[in-house]
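I opened my notebook to look up how two chains meet. Here are my entries, in the order I made them.

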Amino acid sequence: MAGIKGAAKLFESNLEPILGVAYGVAFHLTHNAADAEDLVQEAAVKSFCGFHNFQADTNFKAWFLKILTNAFFKRCKKKRCEPEIVDLEENSALYLYNQTCKAGLHKVSDDPATDLLRRIDAEHITAMMKLLPSEYQIVTVLYFMDEFSYQEIAEIIDCPVGTVRSRLHRSRKILQKLLWRVAEEQGIVSKYLNAQIPKENDRPNDLRGNIQAA
Amino acid sequence: MIDQMTCEETFRRLDDFLDHELSASECLLVQEHLEICTICAAEFKFEAGIWSEVRAKLQRTTVPPSLREKVTRLLRDTNCSDSTEK
Ligand SMILES: [Zn+2]
């Protein structure tokens, strides 16, 4: 009995520090707090019962997330939770950079990426995950929720490294488009530009109308 | 003779560079290019900025306080010999 209790304690001591990442991954995959809790609990039971198969000195977090993502895949098949189809039309890797340049953000900000992103709510960014095709979603969620390498992600989802790389790179292109869409819909760029006073030398013509006459 | 990367070669490595997936020698070549090319440096800084903000916002999820308790209770009540793969 002491052995079982000891194993349970050891399991819990492994699980405790990674519960935050596990819940985060589950939340961004299921898009719902209750389903995320369910998924984590299902993965906890499965991994607890399979804990004798876990090799000590290997990565418990990766092992646990593999079980969690497998459980998610099974649920997906059952519920056929297909995400809304996003326009996959290929855009430049520098889509957001180019759009923000065109909009004049680089003339008024030393750090346009941060200035733009800080104004986009976390809820909007969370909602964007839902719009990614499911096979991109899982790679992207794992990538953002931890510091996993492509190789580690590949092992978690049982996919070749090249697939992880290409999905992740494409997913970032799609996300750039979605980020810009939100920025436009929310009027983030125009509000930001209106609040700035560009440097005399850089002042673009199209902003003159926004500068109050002295 | 020291190899140098062109803007195009550097740009092709943008994603892998940001993800620390380049070999040490390639990483060095990219870094050397970024030191002398302000255009590529601005693009790389912009990309790094976007993804670090996206990461920070996605990581803002907090574990419901009850979940830890639920998991502990669940494990205590689990009889592994009962659980069968479906
Ligand atoms: Zn360059």
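**The interface**

I began with the area that chain A and chain B bury between them: about 4100 Å², with 65% of it on carbon and sulfur atoms. Buried area here is the accessible area (1.4 Å probe) that two parts lose on being put together, summed over both. I then looked up who takes part, and found 53 residues from chain A and 38 residues from chain B in the contact, where contact means heavy atoms within 4.5 Å.

Residues are numbered from 1 along each chain as its sequence is written, chains are lettered from A and ligands numbered from 1 in the order written, and side-chain values use heavy atoms, leaving out hydrogens and water.

**Salt bridges**

I counted a salt bridge wherever a side-chain nitrogen of Lys or Arg lies within 4 Å of a carboxyl oxygen of Asp or Glu. The rule finds seven across the interface of chain A and chain B. I picked out A:Glu16 and B:Arg68, whose closest N and O atoms are 2.8 Å apart. Over all chains, the count comes to 13 salt bridges. The pair I picked crosses between chains, from A:Glu16 in the loop between α1 and α2 of chain A to B:Arg68 in helix α5 of chain B. Helices here are DSSP runs (H or I, at least four residues), numbered from the N terminus.

**Confidence**

I checked pLDDT, the predictor's confidence in each residue, from 0 to 100. Chain A has a mean of 85, with 84% of its residues at 70 or more. Over residues 203-214 of chain A the pLDDT is below 50. Where pLDDT is low, the predicted coordinates should not be read in detail. Chain B has a mean of 90, with 92% of its residues at 70 or more. For the complex, the predictor gives an ipTM of 0.87 and a pTM of 0.85.

Technical notes. This is a predicted model: local features need pLDDT of at least 70, side-chain atom pairs count only at pLDDT 80 or more; totals for chains, interfaces and linings use all residues. Helices (H or I, at least four residues) and strands (E, at least two) are DSSP runs, numbered from the N terminus.
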